[in-house]
Amino acid sequence: MVFSVFAGTMALSGSAAAVVHNGGERVNWDTQASSGEINTGAIIFQGEEGIDWGAFPANPEDLTNSDDVGLSQNIDEDQAPGRYTEVGSGSSYVTVRRPDITDYEFQLGSTGGDIAGGSAPSTESSLTVWAEYNFYNAEDLEISVYDEDDLEVTSEAIPSGDTSLSGLADENGGLSAGEVEFNLNLDNLDSGQYTVELSGVEYLDHSDASVSDTFTITSDEDVTLNLDQSEAVKGDNVRYDIEGGLEGNHHVVSIESGDVSVTGSGNDATDVFRDVGDVVRSGESGGDAWALVEIDGGTGVGSIETAHLDDTDVDVSVSDPIVVTGDAEDQHPGSISLADDDPANWDGEGYSNLVEADDATLTVTEGEITLENPQDFYVPGSDVMVNGTVSDAYNNVYVYARDEGNYLPVAIDDDHGISVSDGEFEAEDVQLSGDTEGNNLLSYPGTYRFAVVAGEDGSGGDVNGELTTSEVASAVSDTITLRVSEADLDANASIINGQLADGDGLDVSGVAPGANDVHVTYIGPRGDWSYDTVSVGSDNTFDREDFNPNADFEDRSGTISQGSVVMLVTTDGRDDGYGDDGSAWYDDTGEDPSGVLSNVGPSATQQQALDVINSNSMDAAGSDDLAVSFNFRYADAQTTIDSVADDNGVDGMVQIGNEMTVEGTTNRQSGSVITVEVIEGPSNAEFDVATTEDWGTDGQWSVGLNTSDMEPGDYVVEAYDSESSDIMEFELTEDEVGTPADTPADTPADTPADTPADTTEGQDGPGFGVAIALIALVAAALLAVRRNN
């Protein structure tokens, strides 16, 4: 620590006489000068420089620790602590420690209370600075006192005592070893803040061997009430500090009844002041809220819970110190009546006698809350997100719904509230419809008011937890109009050209608001069925990819054979059950299967199976089941070539140098790969192999091939899809290809593509003739059934 020449002189003039001792392996050691000799086994400290090593059995350079780090004549401030032993013999050693002021207190003379960092009234005449340190065998401890202008006033604070003291047990006035006490005369000091510094008197004034703290001298008129914020959102907790009070005294902090909220459960005065910090007790008197606070460490600390205050400018008052009198008839300003003289037992008796010492204004405002979801519409049974933002003051928000009359509480996952974190609230996959209170209201189509209300408990209102419209309007709330609509169902299926190739599966997707899942069911031409359950996501969509009638299913009655197949996508509507008795779609967990599909007999035809399904679900009395149906041909995989031409459009004729387009039809699912390859002809090996996996529901595909530098002549092109293939002949010519009337392609005798034998070549399944085309046209029709009886 660095002082001015004047400061150093003043410190020395008040220093204790030098103490020379022999103990702790130190010989002729002067703790005031921090110098002398040491013996083996001595404890020395980081930063010591006054050690005389002349009588030590070894040189300090020969002493090393376990990491082979040695010592020097003067000990470095960052020397590693631990034992240092003489290299070789090990008979001589010292131990290095960190110097440390382990504890200190600023003790008032009247009460002994510690006010370090706090305050003392000007009526207090003395202050004892007590300290405990571990290097008392090496150095004395020194005190310095500075005013708020950073001027040293040690000589005024300690006009006749010592400013450096020894912590040796025989020299410290009967205190324990390592303890010292400096006595400060507060009468010599003006009001204001003072800084006290403690450190070793010579070398040990670094790191934890030097500490600094403050105390403030005030007058009785200086008792003040300070709030850590002048504005608060309703629901915030606001800290207050009483400063300038006498240590151990009690003061009453109060708020008048006119600023305290009144809810459906009555006045909230008893909850305004929190029982935290230095609060001894809290309560209410005549509707006023109060807290009894003890001055501890120079201040009295407490907290206000603004959730129980009106949104207005609130006056917070602190009283003069209370005076306890056991005589109820001997009451005067500032006194209270308490038979046993223990303020902790005060119940408000004499509250009206208290005298205000200071006050502060706290502006309380309503918080803000914004509901982001749900928005506008809700379908009973669907899962939605309830989320938004709210002022940080609130820990929970609560959800309500209203048709006519009061707002009814809406349970969120069996709990009324949603917790708030960092100003945000969120509940995912929430089903707003249900059996309880507001949830039951949202189970039926209609238009409702939907509200979120910020608060600590959200009960409010009457005993049923309802809130009136005025209570919601006056609270921190946000409301929207929520339209509850009937369940709906839309579905799409990847049927290609009215068919599904045997071995492929359909991609089934759609939207089913209000449903947790849908059932996708195949009914084959012989009445056999297979089905799968597909979950509906929180965005109300569902998606089942590659659903093979005979490979990927939850259950089935038999194999779906080739032929005309009906696929149904169904949901059980708002009542969570099929038909008029809430049946499952299919359930085989019991002794006998149950549910809609269990009613389909083993010998039923396709039409009979459909009739049974309809009568037990969509057509049942009072049913709100929904279904979308599809019809397609379940057939062998088939890919055909329909034409080979260039941009002149003459089938079977391509001019060399033009791009050749090969077009065809398939019933394979998009994503399958069709490979097109020229397999015969003069330059067939020179052609690229083309592939495609993109086509629409009409099954029409095409690829392009480069014919530049190819030899003229007759060629054969093949298209295959891993399960089926087709071929077609074409001619490459150097001549310009004319209109169909001018080309050999129009002459039956000269056009290979028109030769009956060539048109069936490579066909390993039925072609897409007139009959199949008609079947495909009919099968592609989408039949949507939506019944809400």
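1. The side chains of Asp504 and Arg668 come together in a salt bridge, with 2.9 Å from N to O; the term stands for a side-chain nitrogen of Lys or Arg within 4 Å of a carboxyl oxygen of Asp or Glu. Asp504 sits in the loop between β41 (499–501) and β42 (506–511) and Arg668 in the loop between β51 (659–666) and β52 (674–680), so this pair ties together parts that are 164 residues apart in sequence. Strands here are DSSP runs (E, at least two residues), numbered from the N terminus.

2. A word on the model itself: it is predicted, so local features need pLDDT of at least 70 and side-chain atom pairs count only at pLDDT 80 or more, while totals for chains, interfaces and linings use all residues. Residues are numbered from 1 along each chain as its sequence is written, and side-chain values use heavy atoms, with hydrogens and water left out.

3. Arg668 also meets Asp721 in a salt bridge of 3.5 Å, N to O. This pair links distant parts of the chain, 53 residues apart, with Asp721 in the loop between β55 (713–720) and β56 (725–733) and Arg668 in the loop between β51 and β52. Through shared partners, the salt bridges join Asp504, Arg668 and Asp721 into one network.

4. Buried means under 20% relative accessible area, exposed over 50%, and partly exposed in between (1.4 Å probe, protein chains only).

5. The whole structure holds five salt bridges, and one of them joins the side chains of Arg544 and Asp532 at 2.6 Å, N to O. Arg544 belongs to strand β45 (residues 541–547) and Asp532 to strand β44 (residues 529–535), so the pair ties together parts that are 12 residues apart in sequence. Arg544, at 16% relative accessibility, counts as buried, and Asp532 is buried at 11%.

6. A negative surface patch includes Glu372, Asp392, Asp422 and Asp429 among its residues. Patches are made of residues with over 30% relative accessible area and no salt bridge, like charges being joined within 9 Å and nonpolar side chains (Val, Leu, Ile, Met, Phe, Trp, Tyr) within 5 Å. Strand β37 (residues 424–431) gives the most to this patch, with four residues, whereas Asp422 lies in the loop between β36 (417–421) and β37 and counts as exposed at 74% relative accessibility.

Terms used. Areas by Shrake-Rupley, 256 points an atom, 1.4 Å probe, with all protein chains shown as cover. Lys, Arg positive; Asp, Glu negative; His and termini not counted. Charge placed at Lys NZ, Arg CZ, Asp CG, Glu CD.
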